[in-house]
Amino acid sequence: MSRPNHTFSERLAQVIRLAPSLRIAALGDVLLGCSPEESVEAAPALLELAAETVFDDRSRAVRLFRATHVIPWLEARYRRQALAAIAQLVRVYSRLSDDHRRLARTLGAGSWRAVLGPVATDPAPEARRSVALLAEESGDPELFEVLPALLVDRRADVATQAERALVKLAVSLAGLSDTPFDHAPEAADIMRGVLAQALATFPEHRRRGVLVAVLALAHGPMRFREDAATGSQRLASVLASLDPGIASALKTVLNVTRLPLAGRRAMEWMRYPGYRSASERRLRSHGTALEKSLLFGAAHLLVHPHRRDRWRSVAGGAGRGADLWPSPGAMARWPEGPRWGLAFALAGTPSQVPAELGAWLITDRSVRVRMAATRSRDVALQSDLSLDPDARVAHAAAVQLMARRGAGADAEVSRHAGLLARSPHAAVRATVQALAGRRGVVSFAGAASDPTAFAAALRTELRGSASRQLAALSLVRKLGLAGSLTPEIAELCGVDGGGDARVRATAASALCEGDPGHELAPRLLASSDPRVRANVVDALGHRGRGPAPAALRDRIMELKADPHHRVRASVLRLIVAGATTGADTSPVDDDIATLLSSPESMNRLAGVWLLSRVLPVRGGWERWGPKIVQLAEQDRDARVRGRAERVRTRAEVQVRSLWTSSRSSGGGPE
């Protein structure tokens with residue numbers, strides 16, 4: 001009679017003597033039911049079986065047997081054995097030690113999809129929990145798609161582990177942890193698709209962690225798309241059509257979660273009416289320094305008019321907006337991006353800048369941050385920045401300060417005018433001299449009260465320095481006075497190539513806006529400076545002016561082949577606007593297509609600019625829309641992508657507006 005096995009080691013030795021296929025299954029069952037100490041002893045046997053055997057070709061025997069198909073047969077056999085062992089490692093993953101887990105993740109990388117299906121539906125709850133734990137610790141995108149099914153598992157511990165994995169992975173992919181991802185953008189897109197599935201089953205699992213994960217990774221506009229292909233598009237579509245109950249739960253989580261990205265998400269979602277109140281409550285609530293850093297890192301979103309208006313409401317009162325602003329000590333540790341965002345956000349705040357923030361802004365080490373602060377509505381802050389050691393910041397602040405009006409601003413401006421007139425920066429001194437004079441005679445009020453003195457002052461400015469000439473030409477164009485100052489402006493056009501290049505180009509615009517038929521117009525169209533040629537063409541079509549003079553039409557049509565991209569784009573725009581009626585009115589679609597397909601990025605940039613002007617006039621989104629989308633997503637030049645994205649967004653807003661107006665009037669979309 002054989003002696004019974006009293007120790008785990010003896011029983012394990014019997015299991016190891018089994019045939020490989022039986023040994024793999026037996027080791028999986030042993031590890032699923034053993035203690036942690038016994039797991040350390042049994043796991044190496046299963047890990048060894050999971051290590052795929054690879055035959056290299058350095059041996060003559062291997063090369064010989066490979067030719068007879070023996071080696072490929074052995075490789076396939078060992079591969080099947082390794083996959084079976086990896087499947088068992090997934091089942092018992094939660095039972096392994098930390099070192100053995102690390103080894104299991106290395107051995108199974110790239111093979112999860114082949115073994116995951118049966119394990120995810122394994123009858124043993126510990127096996128299903130192991131799958132969720134493996135997804136959390138490995139961060140492998142192949143494991144993400146199993147998590148939504150595990151959220152609705154009948155065992156609470158399995159669903160809890162799946163929820164935890166979703167939150168940890170989403171936070172890591174959002175950049176809020178130190179966990180590295182080899183292909184983070186692709187993994188994040190897969191995770192967004194997984195979260196879209198998890199939101200769809202929210203009434204079944206009611207897991208708050210799913211909503212936290214959505215807040216961490218959701219980005220871009222909420223819009224429904226039937227053709228949603230990427231994970232980002234699917235998640236955006238789900239968010240745009242959420243059930244009211246789920247949307248209410250999401251807004252509650254937005255207000256109570258400690259996730260640092262919640263403030264930034266509130267900034268993004270302020271533009272959506274359904275989330276506006278919840279977003280404003282989140283922004284008004286006290287947040288951590290990290291949350292405020294992320295929030296002001298997205299301050300560029302305030303360019304959107306809806307967000308800008310709501311931001312003014314949130315930050316309007318000193319008491320209500322007090323929690324918005326971080327302490328100077330916290331800001332000192334921020335990178336430049338959030339500090340710039342804070343200065344930008346303060347510029348859009350109707351109330352006075354808090355004193356401690358103002359003291360910090362004027363001493364910030366970044367010129368870009370101080371430059372953003374010059375747009376503030378706080379007179380005292382602008383006064384301090386006009387004394388900045390950097391000439392660019394001082395000049396920008398001086399311009400903003402000298403242009404202010406109002407009882408409180410006039411005294412401050414008058415007090416600083418004399419001081420700034422002695423500034424060490426020449427640009428500041430010239431600007432103060434010009435703008436201080438303009439506050440008297442050379443102003444809009446002066447044009448009405450004393451036209452003669454106003455015109456004389458403008459002539460004096462047009463004979464001054466280049467900066468004064470540019471400021472005077474800008475005022476002349478705004479007031480439409482170019483016709484009464486034609487001789488002075490014509491002299492500045494410098495058809496012989498003399499003078500400042502910017503003054504020549506601006507004067508050419510003013511001259512042709514005031515007198516399209518001026519005798520200098522043909523010579524300006526033939527100028528060697530492309531800015532002059534383009535400005536003249538733009539001026540001839542200024543504000544929907546009628547057809548260009550007949551004497552210039554042929555010359556304008558010749559400029560369709562101009563070597564400079566901006567000139568060609570301006571001519572094509574003029575043709576579309578009908579300003580060349582009486583000349584060649586052939587379609588310009590081929591010319592636009594040539595610009596958009598050019599290998600030169602500046603040509604493509606000019607083509608996108610042209611479409612931004614052409615589409616509102618003559619339509620054609622069905623023709624040019626796919627090309628604009630392609631440029632916005634795939635062009636190698638960031639400037640082209642950015643401008644194309646703005647054109648696409650504007651077109652979508654117009655289409656949505658037309659749809660809304662047609663529905664409200666009782667009609668349907670055409």
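Mentor: Let us begin with what a helix is here: a DSSP run of H or I with at least four residues, numbered from the N terminus. On that basis the chain has 40 helices and zero strands, and D529 falls in the loop between helix 33 (521-525) and helix 34 (530-540). Please keep in mind throughout that this is a predicted model.

Trainee: What makes D529 a buried residue?

Mentor: Its relative accessible area is 11%, and buried means under 20%, so D529 is placed in the buried class. Leaving aside neighbours within four places in sequence, D529 is in contact with A501 and R504.

Trainee: And why is R206 called exposed?

Mentor: The relative accessibility of R206 is 51%, and the exposed class begins over 50%, so R206 counts as exposed. This residue lies in the loop between helix 12 (202-205) and helix 13 (208-217).

Trainee: What is the phi of R206?

Mentor: Phi of R206 is near 50°, a positive value in a residue that is not glycine.

Trainee: How many residues does helix 8 have, and how does its reach compare with the expected one?

Mentor: Helix 8 (residues 125-138) has 14 residues, and from its first C-alpha to its last it reaches 20 Å, close to the 20 Å expected at 1.5 Å a residue. Among its buried residues are A127, V131, L134 and A135.

Trainee: Why is L169 called buried?

Mentor: L169, which is found in helix 10 (residues 156-173), has a relative accessible area of 2%; the limit is under 20%, and L169 is therefore buried. L169 and G139 are 30 residues apart in sequence, while their C-alpha atoms are 6.7 Å apart in space.

Trainee: How do you know that helix 1 and helix 2 are roughly antiparallel?

Mentor: The axes of helix 1 (residues 8-16) and helix 2 (residues 20-33) cross at roughly 155° and come within 9 Å. Angles over 145 degrees count as roughly antiparallel, so helix 1 and helix 2 belong in that class. At this pairing F8, L12, V15 and I16 of helix 1 meet R23, A26, L27 and V30 of helix 2.

Trainee: What makes A42 a buried residue, and which residues does it touch?

Mentor: A42 lies in helix 3 (residues 36-50), and because its relative accessibility is 0%, it counts as buried. Leaving aside neighbours within four places in sequence, A42 is in contact with F8, L12, L27, V30 and L31.

Trainee: Why are helix 36 and helix 37 called roughly antiparallel?

Mentor: Helix 36 (residues 565-576) and helix 37 (residues 589-596) pack at about 150°, with their axes 11 Å apart; since the class begins over 145 degrees, they are roughly antiparallel to each other. Their contact is made by R568, A569 and L572 of helix 36 and D591, I592 and L595 of helix 37. The crossing of these two helices is left-handed.

Trainee: Why do two serines, S279 and S293, count as buried?

Mentor: S279, in helix 17 (residues 273-284), has 0% relative accessibility and so counts as buried, and S293, in helix 18 (residues 289-296), is buried because its relative accessible area is 12%. Not counting residues up to four places away in sequence, S279 touches L254, A266, W269 and M270, whereas S293 touches W334 and P338.

Trainee: Which residues of the largest nonpolar core touch the most other members?

Mentor: That core has 121 residues, and L239, W269 and W311 are the ones that touch the most other members. A second, separate core of 60 residues includes L525, V537, I556 and V576. Over the chain as a whole, 47% of the 670 residues count as buried.

Conventions
Residues are numbered from 1 along each chain as its sequence is written. This is a predicted model: local features need pLDDT of at least 70, side-chain atom pairs count only at pLDDT 80 or more; totals for chains, interfaces and linings use all residues. Side-chain values use heavy atoms; hydrogens and water are left out. The expected span of a helix is 1.5 Å times one less than its number of residues. Buried means under 20% relative accessible area, exposed over 50%, partly exposed in between (1.4 Å probe, protein chains only). A nonpolar core is a set of buried Ala, Val, Leu, Ile, Met, Phe, Trp, Tyr and Cys residues joined through side-chain atoms within 4.5 Å. Axes are lines fitted to C-alpha atoms, for helices over the stretch in contact, and angles run from 0 to 180 degrees between N-to-C directions. Angles under 35 degrees count as roughly parallel, over 145 as roughly antiparallel, 65 to 115 as roughly perpendicular and the rest as oblique. A crossing is left-handed if the near helix is turned anticlockwise from the far one by less than a right angle, and right-handed if clockwise. Contact means heavy atoms within 4.5 Å.
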